[in-house]
Amino acid sequence: MSKELKKHLILTLLFILGALAIFGISLPYPFFVFDDSIHIVNNTRVSFFNLENIIWHWQNSKTPLIFNFWQMLALIFGTDSAWGFRLANIIIHGINSYLVYIWIKILSRKTFDSFDQQKSFGEISAFIGAIFFLVHPLHTEVVVWVSAQKDSFVTLFGMLSFIFYFKTICIEI
């Protein structure tokens with residue numbers, strides 16, 4: 001494993017642990033009464049993971065990926081408790097925070113002229129920006145409310161698309 005890959009993995013793990021430290025208190029909370037019960041707890045197409053239900057969501061839902069993800073979580077953790085679903089939200093939020101760090105780091109390379117200035121200030125500004133993203137109270141609903149997990153997925157895939165775009169135009173991470 002390369003030194004750069006180890007650095008990325010360690011930083012990702014640190015952001016996930018940071019998200020656990022901030023939002024881990026919500027793990028024992030039950031499902032929320034409104035959307036969580038409709039989409040997950042009382043939805044037999046989520047609680048039973050089989051090919052028919054997977055296909056049904058792709059044919060009848062506007063967000064089949066999130067329903068299939070909930071099906072996998074329901075298979076692993078069941079639908080009696082929301083802790084597994086919330087744990088997945090917290091992990092995704094930690095990964096998203098790391099991707100924000102990478103995104104800001106890439107943007108800072110385009111901002112600063114000299115490499116020395118860019119390296120030091122870019123790293124610091126990217127880390128501070130990602131920490132603000134991680135701890136901002138605006139993300140509480142997305143992380144704690146299980147049905148809002150689709151917003152975390154939008155951020156995840158949006159950030160990945162930005163980063164892959166920057167990679168295609170030859171900007172180093």
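1. Lys7 is partly exposed, at 31% relative accessibility. The classes used throughout are buried for under 20% relative accessible area, exposed for over 50%, and partly exposed in between, with a 1.4 Å probe and protein chains only. The model is a predicted one, in which local features need pLDDT of at least 70 and side-chain atom pairs count only at pLDDT 80 or more, whereas totals for chains, interfaces and linings use all residues. Residues are numbered from 1 along each chain as its sequence is written, and side-chain values use heavy atoms, with hydrogens and water left out.

2. The structure holds two salt bridges, a term that requires a side-chain nitrogen of Lys or Arg within 4 Å of a carboxyl oxygen of Asp or Glu. One of them joins the side chains of Lys7 and Glu123, at 3.7 Å from N to O. Lys7 belongs to helix H1 (residues 3-23) and Glu123 to helix H7, so this pair ties together parts that are 116 residues apart in sequence.

3. Glu123 also meets Lys105 in a salt bridge, at 3.2 Å from N to O. Because Lys105 lies in helix H6 and Glu123 in helix H7, the pair ties together parts 18 residues apart in sequence. Lys105 counts as buried, at 4% relative accessibility.

4. Which residues form the nonpolar patch on the surface? They are Ile22, Ile124, Phe127, Ile128, Ile131, Phe132 and Val135, with about 610 Å² of accessible area together. Patches are made of residues with over 30% relative accessible area and no salt bridge; like charges are joined within 9 Å, and nonpolar side chains (Val, Leu, Ile, Met, Phe, Trp, Tyr) within 5 Å. Helix H7 (residues 115-135) supplies the largest share of the patch, six residues. Ile128, in helix H7, is partly exposed with a relative accessible area of 44%.

5. Asn96 is placed in helix H6 (residues 83-111) and is buried, with a relative accessible area of 2%. Apart from residues up to four places away in sequence, Asn96 touches Phe133, Ser152, Thr155 and Leu156, where contact means heavy atoms within 4.5 Å. The C-alpha atoms of Asn96 and Phe133 are separated by 8.7 Å, although the two are 37 residues apart along the chain.

6. Ser152, in helix H9 (residues 149-168), is likewise buried, with a relative accessible area of 2%. Its contacts, not counting residues up to four places away in sequence, are Ile92, Asn96 and Val142.

7. Asn43 sits in the loop between helix H2 (35-41) and helix H3 (44-47) and counts as buried at 16% relative accessibility. Beyond its neighbours within four places in sequence, Asn43 is in contact with Ser37, Ile38, His57 and Phe67.

8. As to the whole chain, the protein has nine helices and zero strands; helices (H or I, at least four residues) and strands (E, at least two) are DSSP runs, numbered from the N terminus. Of its 173 residues, 41% count as buried. Among contacts between residues at least 6 apart in sequence, 70% join residues at least 24 apart. The C-alpha atoms fill a box of roughly 60 × 35 × 30 Å, taken along the principal axes.

Definitions and conventions: Accessible areas come from the Shrake-Rupley method with a 1.4 Å probe; for residues, only the protein chains shown count as cover.
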